[in-house]
Amino acid sequence: MPLPIALLDRLAAVLGPHGLLTNPSDLDPYLAEQRGLFQGTAQAVARPLDTAQVAQVVGLCAEAGVAIVPQGGNTGLVGGGVAGGDDLVVSLGRMNRLRWIDAENYRIAVDAGCVLAEVQRAAREAACLFPLSLAAEGSCQIGGNLSSNAGGVGVLRYGNARELCLGLEVVLADGRVWNGMTALAKDNTGYALRQMFIGAEGTLGIITGAVLKLFPAPRESATALCALSELGAAPRLLSLARKRSGDSVTAFELIPRLGLEMAVRHMPGCRDPLADPAPWYALIELTSSREASDNDESGLGATLEGLLASAFDEGLISDAVLAGSLEQQAALWRLREGLSEAQKFEGASIKHDVSVPISRVVEFITEASAAVERVLPGIRPCPFGHIGDGNIHFNLTQPPGMDRAAFLALWAPMNRIVHDIVDAMEGSISAEHGIGQLKTAELARYKAPVELEMMRAIKAAFDPRNLMNPGKVLPPAP
């Protein structure tokens, strides 16, 4: 059904020149989906400049009964920002102001459309750190990061986006604005309303601004890639690293041999830094805000070197390379960061973003790998990721020579195998990517009925007409 002409005219009047897009060629970037699993069909995109314009747009849509799909950098992986033909996309990209920064008290306030990398840069220029870091940081936006409760490589040390947020500004489903932009670390005056919107994927309201936590800028870091003697050595090495470093471990990333080979084979600048292959690797990074001299034996470089020696003596690792410069550090990280992109060159992937208790990570990888291989001999499991917080990207690459479409047709049965194992281990079927529309049926299968009832009650309270990102997160009521 076409959007009402009268509504489009009123939106154009509110948004001004270039604020409303209706030309099909202009809409394409807002309708494409990262993985190619969904295709948007929206007829218009609203591009507000500030919160007042967002409120007016939402109010007009509420009056007309038109649904809204909020969109940040459009880097999501579960179809949460995909809009149908009857929906209006509201893109926050032009709302990219740094509102204020208080380096002394480690706070920053930004518009929701600020690109993550720009927030990181603003923090660095103030001798601070905003620690949220993920592969899409050059294009993803803070509003989307908060709406999906993004994780990334620093969760072990700093937590998810939820833990990095002190306050929010949100436009509600009726167009009213809730100003919760407090900079307080402690506020125990009732319900923590901001937590309702973080991870809600735009289904309860549109995040338009946020107050975020900053940290002292790291002045010292040490990075190493370790060849593990076996998969079971990974959690033991993590525990040893946390104890020996005074809990200075910022990142602890698991990389399988298959993943490293893919990165070396397909990604420019990637090479294997170790002489002999190993089945598994761990990328460890320690950071500290304390500045150490070149000869400081208590520095992180010396700490990591001693840690690696102990791990070798205990049989946890068979080899390791310690980065001796920023260039070498970047080269090691390129292996990890290039892994996801490299998989595309190996054929189709069936991807799972799951978490289990850290104590069961090894059991999960072993059991799930064996289970999918029994069903499809030749399948290539590529489990990798942030095992320091129990989050495994359990990706399955098609067997060489298999038809791509035939492999992707196995997505649902592979989901059932993997997610049933995750559920039996009291894990989560979505550790950091969210639910969107990709996993609503999975949520219905694995969430307890009482949890779904509570979620639906919250949705009904905030958005009784179901106009905010309909069809996302919540499965239809039975």
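I began with the sheet: five strands form an open sheet in the order β5-β6-β10-β8-β9, and the pairing is antiparallel. I took helices (H or I, at least four residues) and strands (E, at least two) as DSSP runs numbered from the N terminus, and two strands as paired if DSSP finds at least two bridges between them. I noted that β5 (98-102) and β9 (177-180) stand at the edges with a single partner strand each, so one side of each lacks a neighbour in the sheet. The twist from one strand to the next averages 15°, where axes are lines fitted to C-alpha atoms, for helices over the stretch in contact, and angles between N-to-C directions run from 0 to 180 degrees.

This is a predicted model, in which local features need pLDDT of at least 70 and side-chain atom pairs count only at pLDDT 80 or more, while totals for chains, interfaces and linings use all residues. Residues are numbered from 1 along each chain as its sequence is written, and side-chain values use heavy atoms, with hydrogens and water left out.

I then looked up β6 (residues 107-111), which five bridges join to the antiparallel β10 (residues 205-213); V110 has A210 in β10 as its bridge partner. Helix α3 (residues 51-64) packs on the sheet and touches β5, β8 (165-172), β9 and β10, its direction making about 40° with that of β8; contact means heavy atoms within 4.5 Å.

Last, I searched for disulfides (pairs of cysteine sulfur atoms within 2.5 Å) and the count came to zero. For C382, the nearest cysteine sulfur, that of C270, is 13 Å away.
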